[in-house]
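Q: Please take a close look at one part of this model and then set it in its surroundings. I would like the terms stated with their cut-offs.

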Amino acid sequence: MTPITMTLIDDNPASLELLSTVLNAVNLKVTCFENPETALDHILTDHPQIVVTDLMMPGMSGMELLDRVMEFDPSIDVVLVTAHYTTESAVEAIQKGAADYINKPVSPAILRQKIGVLIEKHEAARKTQEIEANLAASSEFEGMIGNSTSMGELFSKIRRVAPHFRSILVTGDTGTGKELVARALFQMSPARRGNFVPINCSAVVETLFESELFGHVRGAFTGANADKMGLFEHAHEGVLFLDEIGDMPLSTQAKLLRALQNQEVQRLGSLQARKVNVRVIAATHQNLRDKIARGTFREDLFYRLGMVEISTPSLREREGDLRLLVRHFVEKYAKLYDKRVQGLTNRAQMVLSRHTWPGNVRELENVIGHAAMMSPATMLDVADLPAYLLQPGTLARPTGATELPSLESQEKALLVSAMTKAGDNQSEAARILRISRDTLRYRLKKHDIKSGH
Ligand SMILES: Nc1ncnc2c1ncn2[C@@H]1O[C@H](COP(=O)(O)OP(=O)(O)OP(=O)(O)O)[C@@H](O)[C@H]1O
Ligand SMILES: [Mg+2]
């Protein structure tokens with residue numbers, strides 16, 4: 001097993017040697033520094049799991065080093081060792097996030113025992129990560145992640161119908177992966193040798209809809225300067241994906257139904273019928289039965305498309321998938337943005353599990369992607385999450401509202417909430433946010449936040 005890594009810092013060479021000898025025995029790779037600034041550079045690049053540092057050092061104190069390490073990654077365990085023990089500094093260190101505070105001269109037995117506990121903790125965390133990685137690998141299906149019962153049923157249904165379908169209706173809330181389902185169906189069907197031709201029905205101008213789907217001949221209407229092939233013909237021997245079918249105009253619905261029934265299309269302005277062999281997948285987050293009742297969707301088309309219906313479960317119904325998805329997106333965005341982020345702190349994970357995810361997987365992906373882009377940390381923490389997740393009053397956001405609040409507004413909300421928690425005490429608020437007091441003052445001013453806001 002790869003050893004746990006530790007950075008050891010003490011300006012006194014004799015003391016440094018003593019500490020490293022004591023710690024030598026354990027499954028640990030120790031790198032020693034006499035200069036705290038060099039040590040910090042090393043920590044920021046090599047990212048050890050444990051830091052053991054002297055308190056009083058020229059250049060940078062152990063307390064300052066602790067600040068900088070916590071800013072970088074609060075999951076690193078920092079142990080302070082000092083000959084100048086005071087209760088005040090011990091309390092300060094622990095409040096700042098230190099893992100432990102040890103008196104010099106150190107007892108080898110106590111030091112070994114304390115560091116041993118930290119090593120075990122990191123080994124256990126690593127094991128959990130490995131297990132989750134294996135689980136994630138076995139819970140992937142055509143680019144979809146899921147290990148819950150409802151996703152298992154979805155995967156199995158896709159597997160069963162993909163080889164045979166002519167038309168399928170995919171329903172489910174916004175952001176639940178309907179497009180991924182459509183692509184999986186295509187990939188697993190004989191039509192994969194043809195094209196996957198998507199069209200977003202909510203994005204097409206009504207007057208151009210039919211020309212898009214069926215094509216036109218030159219002169220069919222003003223602006224039709226040349227013959228044009230429609231999407232149906234492009235999708236010949238393949239799949240036509242009608243996304244947001246609920247937004248298709250009624251007149252187009254009638255023509256679509258005819259094309260599906262006859263398996264042929266006529267380009268606008270032409271009488272020639274062309275045979276097409278097209279499988280159709282339609283998707284919607286709307287309730288088509290309601291639309292039928294209101295007269296805005298054709299019942300006959302609904303039955304034609306919905307001979308097979310596949311529905312994607314909302315994230316709330318996917319017990320246990322949240323962690324897998326978080327892991328998946330952390331890996332994806334770490335790679336994309338070239339960041340060292342590896343996961344979430346327990347606190348941050350808890351905030352995510354409490355949220356109801358009205359925007360489903362898309363909302364989760366936005367949250368993780370945004371945090372991964374903005375944060376330099378290895379473990380994303382609560383402060384890296386958008387502020388609306390932290391305010392219980394706003395948990396039930398309207399379905400469909402998936403865009404994130406701006407970074408500015410999140411920063412402001414965090415500042416206000418920290419100042420409130422700190423009873424308007426700036427040092428305390430700075431500590432909560434893990435930034436320096438100067439940075440806090442600068443940001444308060446920037447957002448025009450005054451005491452008592
Ligand atoms: N099970 C999943 N595993 C991994 N990524 C997923 C999963 N489900 C959805 N996603 C991702 O979430 C985002 C939204 O998915 P998709 O576009 O398929 O949703 P949708 O159901 O079509 O939503 P809408 O109704 O709003 O169009 C995409 O980036 C997709 O890659
Ligand atoms: Mg979609």
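Which helices each supply at least two residues of the nonpolar patch?

A: The helices are α13 (321–337) and α15 (360–374), each of which supplies at least two residues of the patch. Helices (H or I, at least four residues) and strands (E, at least two) are DSSP runs, numbered from the N terminus. This is a predicted model, in which local features need pLDDT of at least 70 and side-chain atom pairs count only at pLDDT 80 or more, while totals for chains, interfaces and linings use all residues. Residues are numbered from 1 along each chain as its sequence is written, chains are lettered from A and ligands numbered from 1 in the order in which they are written, and side-chain values use heavy atoms, with hydrogens and water left out.

The patch is made by Leu336, Tyr337, Met373 and Met374 and has an area of about 370 Å². Patch residues have over 30% relative accessible area and no salt bridge; like charges are joined within 9 Å, and nonpolar side chains (Val, Leu, Ile, Met, Phe, Trp, Tyr) within 5 Å. Accessible areas come from the Shrake-Rupley method with a 1.4 Å probe, and for residues only the protein chains shown count as cover. Methionine 373 is in helix α15. Methionine 373 counts as partly exposed because its relative accessibility is 38%, where buried means under 20%, exposed over 50%, and partly exposed in between (1.4 Å probe, protein chains only).

Now the surroundings. The protein chain is divided into domain 1 (4–136), domain 2 (142–313) and domain 3 (318–446), with bounds from an automatic or database domain assignment. The centres of domain 2 and domain 3, taken over C-alpha atoms, are 37 Å apart. Their contact (heavy atoms within 4.5 Å) takes 11 residues from domain 2 and 13 residues from domain 3. The area buried between domain 2 and domain 3 is about 910 Å², with 57% given by carbon and sulfur atoms; buried area is the accessible area (1.4 Å probe) that two parts lose on being put together, summed over both. Of the area that domain 2 buries against domain 3, Ile145, Thr174 and Gly175 supply 55%, more than any other three residues. Zero salt bridges are found across this interface, a salt bridge being a side-chain nitrogen of Lys or Arg within 4 Å of a carboxyl oxygen of Asp or Glu.

Glutamate 142 lies in the loop between β6 (140–141) and β7 (144–145). Phi of glutamate 142 is positive, near 45 degrees, and this residue is partly exposed, with a relative accessible area of 40%.
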